[in-house]
Structure formats: C-alpha cells, structure tokens
Amino acid sequence: MSKANPREPAGLRPDPKRAGGRGGLLTTLSSEAVQAVDRFAWYSDQIQRYIFPITLSTPYTADFRSEVSALQLGAVQVARFTFPPLEAARTARHIRSVDPETYQLGWMRRGAMTATQLRNDAFVGPGDMVLFGTSHPLRAGVRDEGAMTEVAVLRIPKNALPLPSTQVDRLLARRLAPEGVSGALLHQHLHTLLAHASEVGPAEAHRLGTVTADLIASFAADRLDRAELVPSETRTTVLRARINAFITRHLGDPELRPAVIAAHHHISLRSLHALFQQEPATVAATIRHRRLERCRADLADPGMRDRPIAAIAARWGLLVPAEFSRAFRAAYGMSPGEYRAEATRLRRSARDHKPLCAHPQADPAGRPHDENPPTRAAR
C-alpha cells in the first residue's frame with residue numbers, strides 16, 4: 001500500500017516555480033511540475049540521468065515529492081537530491097546494460113542510509129560520506145524516519161581520479177567521516193559548491209572540477225593510508241586549497257600576512273608566491289579582497305547597522321580606518337558609509353515595494369564571494 005509523502009523540513013520544500021530552472025550552469029528540477037501519480041517515475045528517470053541505471057522502490061509512490069539540482073564542473077558533477085525514503089539496487093544486468101565507469105561520493109546532509117557493495121556494509125548517518133562505484137552491484141536503502149532525506153553527490157569518472165581503481169574500490173560502501181585535513185577541506189569545498197552553485201560560470205567551472213577531483217583523490221588516499229599514491233600535481237592543488245581555507249579562517253587576525261601563512265604550512269615565502277601564480281590574485285591581494293568582502297557584507301547587514309564602520313573593519317583585521325576607506329572606495333566605487341546608506345535605502349525600498357516574482361532578487365550588498373575578483377558596487 002502506498003503512503004503519502006513524509007513531512008518536509010523547513011528549507012527543503014520543493015518550489016514548483018523552480019522546476020526546470022537554471023542559474024548559470026546550475027540545473028534545478030522539482031517533482032512539483034509533475035502530477036502526483038507520475039512523480040516517482042519522474043524521479044527514477046532523474047536518477048538514471050544524474051547517477052546511473054538503478055532500480056528504485058518506495059512505499060511513497062502515491063506522491064513522491066523530490067527535487068534534483070545538478071552542476072557540471074568539467075568532467076565532475078555535483079548534484080543535490082531531496083526525496084522520501086526508498087530502496088535502490090544496481091545489479092549485474094544494469095552494469096552490462098550501461099556502465100559509465102564513474103565513482104559517486106555521497107554526502108548525507110539529512111537522513112541516514114545503509115549500503116552494500118563488494119562485500120562491504122555501511123551505515124551512513126548525517127554528515128557522513130560514502131563512496132559507490134558503477135562497475136559493481138550495489139544495494140542501498142534510506143531509513144524511514146518520517147522526514148525528507150537530502151544527499152549531495154559528487155560524480156567523477158574513474159579516469160579523472162588520479163588513483164588506481166583497485167585501491168579506490170577498497171573504500172566502496174564504507175562509512176567515510178570527513179575527518180582530518182583532507183576530509184575537512186573536501187567537506188568545506190562541497191558545502192561551498194552547494195551554497196554558491198547558481199553563481200558558477202563557464203570560466204571557473206573547469207577549474208573547480210579539477211580542484212574537486214584533486215580533493216577527492218587526497219581524501220581517498222588518506223582513508224587508504226596511501227598518501228604516496230597521490231600525484232605531485234594533486235598534492236599542490238590540495239596544499240593551495242589548505243592555504244585558502246587557512247586565510248578564510250584567519251581573516252580577522254591583523255597579523256595574517258604571507259610570511260605567517262608560509263611558516264604555518266612549512267613552506268618558503270617564495271614557494272607560497274609560486275603557488276598563487278595559479279590564483280586570480282597574489283597572496284596579499286587575496287587577503288585584502290576577502291577582508292573587504294566580509295566588511296561589505298557586514299555593512300549591508302541590518303543586524304549590524306549600529307556597529308561603527310571602524311569596528312567592522314577591525315573585526316576583519318583592517319585596523320587603520322583611513323586605509324580601509326581608501327581600499328573600499330577603490331574596490332567598490334563608494335565609501336563604506338555611502339555603501340551602507342545605499343544598501344539600507346534599497347532594502348527599505350524592496351520592503352515597501354515587494355516585487356511579484358518567483359524569486360526576490362538578492363540584496364545588492366550580497367554575501368561575500370571569496371572565489372571571485374572584486375567588483376564595483378551595484379547601482
């Protein structure tokens with residue numbers, strides 16, 4: 001007997017107006033665009049498209065509400081799925097029919113699942129990761145806890161992962177906690193991709209795909225305790241990611257300088273600058289830009305309207321008000337005070353004249369975008 005769809009947590013309710021929508025390279029599809037009786041079949045088709053051929057079953061066929069978002073980053077794809085409890089099976093017959101020869105790294109953002117592949121069995125809870133391969137039979141099931149499940153999936157071709165598949169296969173259907181440096185970096189990277197997926201454009205998609213593949217390789221090698229398997233190019237990419245994460249964590253420290261960063265990571269200052277030759281800006285420019293972006297976000301935050309501008313700048317390591325004001329004007333075309341006043345005016349105008357559209361536009365001040373170069377202030 002079929003069941004009604006389980007309760008959907010706040011923030012996960014599919015929006016019918018987003019069905020088939022695109023933001024940059026992001027594709028978002030919602031079952032709300034499909035009649036209730038056809039929703040499970042629709043979702044099965046999406047899994048065939050974005051994951052691999054597999055047989056799904058669920059007690060919620062009467063109204064299977066779900067959503068799929070996918071972002072293509074060169075050879076790598078990141079996707080997010082929300083759905084009710086279900087069971088999945090990929091058999092030898094499926095494999096003979098179609099084998100895309102990919103790995104799928106799943107990150108359980110909400111809910112829990114069990115998985116079996118290559119004689120490995122795993123229970124994967126919220127926050128855990130799990131790796132699947134398309135070349136071996138698989139069984140997986142999402143527990144029925146009366147709520148929607150949310151899973152993020154990184155799909156990567158085997159030949160794009162710089163590790164022997166015989167080694168990687170040892171990790172299939174094992175609980176992989178995002179621990180250690182490589183786990184923390186991959187976790188934060190995936191979180192950032194999901195949060196900013198609609199902002200990714202063609203120019204940076206391939207670069208982000210390469211970084212993603214290298215972070216997965218480093219994470220897998222650490223779990224195998226085989227760091228020597230990672231090519232030097234991958235180690236360089238991961239080191240660059242570690243340094244970028246370190247900069248982001250310590251932006252409020254006024255002592256954050258290239259020499260401090262180099263010493264913390266046990267490399268020479270010359271090596272640090274060489275690493276950043278592949279980045280959009282130098283180390284010092286990157287620090288300055290990210291601090292200005294944090295200040296810009298705070299100046300537009302109504303919850304910080306009573307905090308002095310100098311205090312906001314100091315919060316992000318910019319201790320000299322005159323220097324901060326000059327740098328802010330150079331980056332955004334207006335002084336910090338003018339920017340705060342303009343953001344307040346536009347916010348009030350938006351509140352007084354709410355547009356009748358599917359998606360209200362983001363506040364012109366926006367949130368910080370570390371990956372992008374500085375842009376001039378919005379109109």
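1. Let's start with a rule for ring pairs: rings of Phe, Tyr and Trp (its six-membered ring) pair if their centres lie within 6.5 Å, and planes under 30 degrees apart count as stacked, over 60 as edge-to-face and the rest as tilted. By this rule, ring pairs join Phe 40, Tyr 43, Phe 64 and Phe 83 into a cluster. The structure you are looking at is a predicted model, in which local features need pLDDT of at least 70, side-chain atom pairs count only at pLDDT 80 or more, and totals for chains, interfaces and linings use all residues. Residues are numbered from 1 along each chain as its sequence is written, and side-chain values use heavy atoms, with hydrogens and water left out.

2. How many aromatic pairs does the rule give? The count comes to 7 aromatic pairs. Helices (H or I, at least four residues) and strands (E, at least two) are DSSP runs, numbered from the N terminus. Phe 40 and Phe 64 are both buried, where buried means under 20% relative accessible area, exposed over 50% and partly exposed in between (1.4 Å probe, protein chains only).

3. Now find Phe 328 and Tyr 339. Their ring centres are 5.6 Å apart and their planes stand at 70°, so this pair is edge-to-face. Phe 328 belongs to helix H11 (residues 321-332) and Tyr 339 to helix H12 (residues 336-352), 11 residues apart, and the pair links these distant parts of the chain. Phe 328 counts as buried because its relative accessibility is 0%. Tyr 339 is buried as well, with a relative accessible area of 5%.

4. Rings can also have a charge over them (NZ of Lys or CZ of Arg within 6 Å of the ring centre and within 35 degrees of the ring normal). The charged end of Arg 90 sits over the ring of Phe 52, 5.0 Å from its centre. Likewise, Arg 294 has its charged end over the ring of Trp 316, 6.0 Å from the ring centre.

5. Next come the salt bridges. Side chains of opposite charge can pair when their charged atoms come close. A salt bridge here is a side-chain nitrogen of Lys or Arg within 4 Å of a carboxyl oxygen of Asp or Glu. The whole structure has 16 salt bridges. Glu 67 forms one with Arg 80, with the closest N and O atoms 2.7 Å apart. This pair links distant parts of the chain, Glu 67 in strand S4 and Arg 80 in strand S5 (residues 76-83), 13 residues apart.

6. Which residue does Arg 80 also bridge to? Arg 80 forms a salt bridge with Glu 150, the closest N and O atoms being 3.4 Å apart. Glu 150 is in strand S12 (residues 149-157), 70 residues apart from Arg 80 in S5. Arg 80 is buried at a relative accessible area of 16%, and Glu 150 is buried at 5%. Glu 67, Arg 80, Arg 109, Arg 110 and Glu 150 are linked in a network of salt bridges.

7. Being 3 residues apart in helix H9 (residues 283-300), they are separated by about one helical turn. Both Arg 296 and Glu 293 are buried.

8. Back to H1, the helix of Phe 40. The buried residues of H1 include Phe 40, Trp 42, Tyr 43 and Ile 47. The buried residues of H1 pack against strand S2 (26-30), S3, S4, S5 and S12, with contact meaning heavy atoms within 4.5 Å.

9. Finally, look at S2. In S2, 5 of the 5 residues are buried, so this strand is largely enclosed by the rest of the structure. Leu 26, Thr 28 and Ser 30 point one way from S2, while Thr 27 and Leu 29 point the other way. In a regular strand the side chains alternate between the two faces of the sheet. S2 and S4 run antiparallel and are joined by 5 bridges; two strands pair if DSSP finds at least two bridges between them. Thr 27 stands opposite Ala 70 in S4.
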